[in-house]
Amino acid sequence: MMRTAGALWQQRSPDRMSDGEWTATLSRVRGEFAEMPCMRVTAAQARALLGLSEPASEWVLARLAEEGFLVRTPQGEYVRRSDVP
């Protein structure tokens, strides 16, 4: 890492999506959970179901959880927040 102009600079991950692809992927995954409101998937199941790489799947699920759209259950499953008792 390099420090420049008071900020930390890190090399971009080769797995990082373009901004357009990131936005489209977030929208698509949000749509899948909206269409199937009872869907409960682990990160590995989400990767297989959604056809994402491991890093992309982790980033998308984490972001949707940060936004409050998804929650992660104690069993490690991701589910829509509105479906958790």
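1. A residue counts as partly exposed when its relative accessible area lies between the buried limit, under 20%, and the exposed limit, over 50%. In this predicted model, arginine 63 has a relative accessible area of 34% and is therefore partly exposed.

2. Arginine 63 forms a salt bridge with glutamate 67, with 3.1 Å between the closest N and O atoms. Glutamate 67, at a relative accessible area of 39%, is likewise classed as partly exposed.

3. Glutamate 67 also meets the side chain of arginine 30 in a salt bridge, at 2.5 Å from N to O. Arginine 30 belongs to helix α1 (residues 19-35) and glutamate 67 to the loop between α3 and β3 (70-72), so this pair ties together parts 37 residues apart in sequence. Arginine 30 has 27% relative accessibility and counts as partly exposed.

4. Arginine 40 sits in the loop between α1 and α2 and glutamate 77 in the loop between β3 and β4 (78-80), so the pair joins parts that are 37 residues apart in sequence. Arginine 40 is partly exposed, with a relative accessible area of 39%.

5. Helix α2 (residues 43-50) and helix α3 (residues 54-66) have axes that come within 9 Å and cross at roughly 110°; the two helices are therefore roughly perpendicular to each other. The crossing is right-handed. Ala43, Ala46 and Arg47 of α2 make the contact with Glu54, Ser57, Glu58 and Leu61 of α3. By class, this contact has 3 nonpolar, 1 polar and 3 charged residues.

Note on methods. Residues are numbered from 1 along each chain as its sequence is written. This is a predicted model: local features need pLDDT of at least 70, side-chain atom pairs count only at pLDDT 80 or more; totals for chains, interfaces and linings use all residues. Side-chain values use heavy atoms; hydrogens and water are left out. Axes are lines fitted to C-alpha atoms, for helices over the stretch in contact, and angles run from 0 to 180 degrees between N-to-C directions. Helices (H or I, at least four residues) and strands (E, at least two) are DSSP runs, numbered from the N terminus. Angles under 35 degrees count as roughly parallel, over 145 as roughly antiparallel, 65 to 115 as roughly perpendicular and the rest as oblique. A crossing is left-handed if the near helix is turned anticlockwise from the far one by less than a right angle, and right-handed if clockwise. Contact means heavy atoms within 4.5 Å. Ala, Val, Leu, Ile, Met, Phe, Trp, Tyr, Cys and Pro count as nonpolar, Asp, Glu, Lys and Arg as charged, and the others, Gly among them, as polar. A salt bridge is a side-chain nitrogen of Lys or Arg within 4 Å of a carboxyl oxygen of Asp or Glu. Buried means under 20% relative accessible area, exposed over 50%, partly exposed in between (1.4 Å probe, protein chains only).
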